[in-house]
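Have the structure open as you read.

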Amino acid sequence: MSGPSYVAVDWGTSSFRLWLMSAGGQVHGERRSDQGMTAAARTGFAGVLQSHLDELGVAADLPVVICGMAGARQGWVEAGYVDTPAHLSDILKGAVVVGGQPRDIRILPGIAQRDAAAPDVMRGEETQLLGALGLDPAHAADVCMPGTHSKWVRVRGGTVERFATFMTGELFSAVAHDTILSHAVAGAEEAVDGDAFRAAVAEAYAAPAHSANLLFRVRSRQLLFGGSAQAARETISGTLIGVELAAGLAERERAVPVTLIASGRLQRLYQMALERLSIPLNVVDAEEAARRGLASAAAAIWNN
């Protein structure tokens, strides 16, 4: 195994993940924290990064490549966007240098859809796309990327043709904590109630226009017929995901399986939902995709 040659960082809104990497893609060390953009904007991005580098004993001359919200307007240095249709290789060319630092630090750009009828932006997901799909000109993929703000992306020949963002995760949090349904889910356990979830996905997918009514039924069903807080929570989750899938799958080419880029609980839920709808899919771990995408960026920046 060769020694460390660069540092890869996925810097989200509320999370920070760092990997000490060799040129061949081996991980020599990693750091994780909740020091995302929101926290780092208060305490200082340079200090947050250096504290994690110090913990791993990273050499002072090792370069750093970063994706995610550190490149946002409110982040460390604004990295801008590549406009759709955006070839994934354009991301590698658009890395921005962080000035005034003792080491070479680059931040990757996001992708913007400058369509007045469907304006949209992504930052961080483009690096996962690069890591999951590579630059194969023959590759066609319809990609689902679950999260607080889920993305559905159409990629053809290594080019992001268009994409759409759904506030599914944020809506789930708001509905479950800040509406009358908070009483229905109080005390819910972490385990997934698969039956309730799958039934809610199917019902919402079949009738997305009824979503507001389907959500209220969570409360009325529990009051009139009983049921656990866990089932109520998974019904809310399944309803919101089912509505998202109804829109996200509307223009899918049937010959192209869905590529699901996700990890953890979200990967389990979306895989369960897509399987319930009999949608063929390929699953890619989101963290591994981000790391591979950052590795491609490092190779393009420092090995050419």
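## Charge pairs and the rest

Glu-287 counts as buried, at 16% relative accessibility (buried means under 20% relative accessible area, exposed over 50%, partly exposed in between, with a 1.4 Å probe and protein chains only). A word on ground rules: this is a predicted model, where local features need pLDDT of at least 70 and side-chain atom pairs count only at pLDDT 80 or more, while totals for chains, interfaces and linings use all residues. Residues are numbered from 1 along each chain as its sequence is written, and side-chain values use heavy atoms, with hydrogens and water left out.

Back to Glu-287: its side chain meets that of Arg-32 in a salt bridge, 2.4 Å from N to O (a salt bridge is a side-chain nitrogen of Lys or Arg within 4 Å of a carboxyl oxygen of Asp or Glu). The pair links distant parts of the chain, with Glu-287 in helix α11 (residues 286–302) and Arg-32 in strand β3, 255 residues apart. Helices (H or I, at least four residues) and strands (E, at least two) are DSSP runs, numbered from the N terminus. Arg-32 is partly exposed at 44% relative accessibility.

A search of the whole structure turns up 20 salt bridges. Here are three of them:

| Pair | N to O distance | Relative accessibility |
|---|---|---|
| Glu-287 and Arg-32 | 2.4 Å | Glu-287 16%, Arg-32 44% |
| Arg-17 and Asp-10 | 2.4 Å | Arg-17 18%, Asp-10 9% |
| Arg-162 and Glu-251 | 2.6 Å | Arg-162 35%, Glu-251 55% |

What does the Arg-162 and Glu-251 pair tie together? Arg-162 lies in strand β13 (residues 159–166) and Glu-251 in the loop between α9 (229–248) and β14 (258–262), so the pair joins parts that are 89 residues apart in sequence. Elsewhere, salt bridges that share partners gather Asp-10, Arg-17, Glu-30, Arg-32, Glu-287, Glu-288, Arg-291 and Arg-292 into one network.

Now for the sheets. Six strands make an open sheet with mixed pairing, in the order β3-β2-β1-β4-β8-β7 (two strands pair if DSSP finds at least two bridges between them). Its edge strands are β3 (27–33) and β7 (96–97), each pairing on one side only. Inside that order, β4 (residues 64–68) and β8 (residues 105–107) run parallel, joined by three bridges, and Val-64 stands opposite Ile-105 in β8.

There's also an open sheet of three strands, β5-β9-β10, again with mixed pairing. Strands β5 (81–83) and β10 (120–122) sit at its edges. Strand β9 (residues 110–113) runs antiparallel to β10, with three bridges between them, and Gln-113 stands opposite Asp-120 in β10.

Why no disulfides? The structure holds zero of them (a disulfide is a pair of cysteine sulfur atoms within 2.5 Å). The sulfur of Cys-67 has its closest cysteine sulfur in Cys-144, 18 Å away, which is too far for a bond. Cys-67 is buried at 0% relative accessibility, and Cys-144 is buried at 0% too.

Phe-45, in helix α2 (residues 45–56), is buried with a relative accessible area of 7%. Phe-45 and Gly-75 are 30 residues apart in sequence and 8.1 Å apart in space, C-alpha to C-alpha.

By contrast, Leu-224 in helix α8 (residues 211–225) is exposed, with a relative accessible area of 65%.
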